[in-house]
Amino acid sequence: MNIFKRWDSERVLLAAAGPVIALVVAFALTSIVLAASGENPFEPFSIMFEQATFSDVQVLIINDAAGLYIGALAVAVGFRMNLFNIGVEGQYRLAACVTAIVGAHIAFPAFLQIPLLILSAAVTGAIWSGIAGVLKVTRGVSEVVSTIMLNSIAASVISYLTLEDAFGVAVGNNRTTGEMDKAGWFPGIDMGEGVGTIYGFVIVGVALGVIYWLMLNRTRFGFDLRASGASESAAAASGVSAKKMVLTAMLLSGAIAGLAGLPTLLGSTHTFSDSFPASLGFNAITVALLGRNSPAGMALASLLLSWLFNAADPLDLQGYSSEIATIMQGLIVIAVVVSYESVRVWGTRRQQQRVGAELAAGHVLGTTDSDSDDTNDTKKEVAAR
Amino acid sequence: MHALVGENGAGKSTLMKILYGMQKPDEGTIAIHGEQVSYSSPADAIARGIGMVHQHFMLADNLTVLENVVLGSEKLYGIGGKARRKILEISERYGLGVRPDVLVEDLGVADRQRVEILKVLYRGATTLILDEPTAVLVPQEVDALFDNLRELKSEGLAVIFISHKLGEVLSVADEITVIRRGTTVGTAVPAETTSKQLAELMVGSELPTPETADSTVTDRPVLQVEELRLAAPGGGKPLLDGISFTIHAGEVLGLAGVEGNGQTELIETLIGLEQADSGTVRLLGDDVTGWPTRRRRESGVGYIPEDRHRHGLLLDAPLWENRILGHVTEAPNSKGMWLDPKAAQADTERIVKEYDVRTPGIDVTAASLSGGNQQKLIVGREMSHSPKFLIAAHPTRGVDVGAQAQIWDQIREARREGLAVLLISADLDELIGLSDTLRVIYDGRLVADADPASITPEELGSAMTGAASGHLEHTEDGA
């Protein structure tokens, strides 16, 4: 069965080629941008790499990566069936806001409180993305357009919810939703004095990644979802109801998106305020693209992006602009799209040629190379002639 | 006029791609008019006077013929009167009969093909490549096409003609090249060759015939369709109207018709992709009219789609995932809500062996197999779930002679075991040879029925154009 091994290593190579090429190109282009603006094109990178060696920065990177990762899972569920949920931003912010309100007004024991909070986040996210899903299924509205608009509407809804007439509590100039009950604080992993605490929700994120993989690759539902993404017409002919699938995928994507704000909310802020981290939903799209929707790939990508943001801050102190990280993120997105598509085209063509070559060499399954039994071999000889 | 014949995956398409500049040769030379050339893109090939008429037409439906022809070569004669005059001139010179101001969507298949040929001539082609030009035509249209091609030839153009249909090749070509596994295995002059000899050259085996042995038709109805009607989306004439037929266990019902006369819609209504506006579909006595596709498939409807890339395969997925497609809820693919990849993989290996799918392994993507092998995989998959009713749309289209015989055998085998088959095919020999009953569909209606034992392809062909419709049996024994 040595053929299979060869195919496998080939596939690993192909899978790795895309992101590696994209990152190299993005780094190179960033250096060019730096050089063009008269800066040292390499020093900022060495500063940023150095940051990654400090354990307190490492904790920050891991903590921020958790939310990015969960957001990326939400985006990836959509991507796997050709739905572009740009609304993760609105979904996770609204969900975080609602969850903070629930957490501030209800006090169960922790073993009930935390599941309740997770549930309210997921349901809020799902409702918000579900609106886009229903619009698409019943009216054919593109989910790209509706989710973008729902982002704005979510911002307005949040503004309303944080009014003092509604659920808001003013803390200084900051409008918050009030501090959540302690039962809803997710226990973290203390890494020691001066280093910080890793959010306990990181583990939930990892678990979500595993569930995501299991669901996609080991369940009937996941197969239908992937089939819909790979070929809508073939999926329909195979018996997948397109509308049901769109709605389910949107709900699922929104539910996961709703959880993206929880690492921060339950791990550190314990309240939703104007200063709650924003634009995670958009960065999650970068992560999903770079990680090719694969759970492991997205984990690496979320760590990378998180490093980019956390390590860029000290650049300001050294006379560089920390916006380098933003430039780099943009370049990564472009490079990723270009390099993945070219690697895919190249890989398909290469495989076609290899299959042709294998067949010409007589390596047909069931004849020469595989370890099948002899009776089949002879039969094949007759059939293949 | 030079014909190129060969099995599927023999390298015909690759050769054509090289000639048309879509792919680069590793070695060897191409000479045009005695001059060695090398080019890197179709644009170079066009500049050298090579034109390609693809098997799948590349026309924009909502543009007129004139607009389609000038599209992309506006520089040649502009887009106005000069272009129109040029089109009419070419059309007249070669007897193509093209009307420049008609919308392409209003044209039939044969007319579209003529537009494609004109498009190529308009760009100044002196060498025409036609990829399986007769696959979509009825016999009368094929004759007309050949007349056009002879006209082109007499005007001094060279025509390269790719085909599976040996009879046609023999009747129209001046010289024939047979290729197998990427090399030329022989050349022949039609006057000195029979189609049998050609076929032997192609596959090294005898030419198979699609004839069924004795009738296996029972009186147990499997599929009963009554007064099926499907309205057109924007109003207007219904796509299907008053369709009624019954297929019994062990019966193959052949549906003849020029493409675009409602076959696709009928298939989609039977499989559940379209909901009929009125009428009923019964499967083994159950009214399945309102059932979703999955439930129909689970209850024993097999489906060999007419467009395997669009409806039958996930091209970028490995073979074993393609084996699951369409049967994800059935054993051995899943247990409860969980997939069973191991069992599915093992079963894929079985299909690959039993149905002679030529592949180095089951982890390669479906896209990397040749069309014939993709089709064998689909047939194997559908047959593996012992269907009660099989929709076989062009089951051997684009499949080489060897695989064709195999697929016919499998359909016959299953029929003997009580399978009911709806066979739709543009290959009239296949249709007549395999079917127990024949129906003709024209304009969304079943207009004629015929006895496959006595009807000739020509008679069937004329019924397909709507010319010789009639509800009586066409048994003109004199023919």
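**View 1. Three salt bridges are counted between chain A and chain B.** A salt bridge here is a side-chain nitrogen of Lys or Arg within 4 Å of a carboxyl oxygen of Asp or Glu. One to look for joins the side chains of R226(A) and E321(B), at 2.9 Å from N to O. This is a predicted model: local features need pLDDT of at least 70, side-chain atom pairs count only at pLDDT 80 or more, and totals for chains, interfaces and linings use all residues. Side-chain values use heavy atoms, leaving out hydrogens and water, residues are numbered from 1 along each chain as its sequence is written, and chains are lettered from A and ligands numbered from 1 in the order in which they are written.

**View 2. Chain A and chain B bury about 3600 Å² between them.** Buried area is the accessible area (1.4 Å probe) that two parts lose on being put together, summed over both. Of this area, 59% lies on carbon and sulfur atoms. Chain A brings 40 residues to the contact and chain B brings 42 residues, where contact means heavy atoms within 4.5 Å.

**View 3. Q113(B) sits in helix α6 of chain B, residues 109–122.** Helices are DSSP runs (H or I, at least four residues), numbered from the N terminus. With a relative accessible area of 2%, Q113(B) is buried, a word used for values under 20% (1.4 Å probe, protein chains only). Leaving aside residues up to four places away in sequence, Q113(B) touches F57(B), P133(B), L137(B) and L145(B). The side chain of Q113(B) also reaches the backbone oxygen of P133(B) at 2.7 Å.

Methods: Helices (H or I, at least four residues) and strands (E, at least two) are DSSP runs, numbered from the N terminus. Buried means under 20% relative accessible area, exposed over 50%, partly exposed in between (1.4 Å probe, protein chains only). A polar contact is a pair of N or O atoms within 3.5 Å; within protein, one must be able to donate a hydrogen and the other to accept it, and residues adjacent in sequence count only if both atoms are side-chain atoms.
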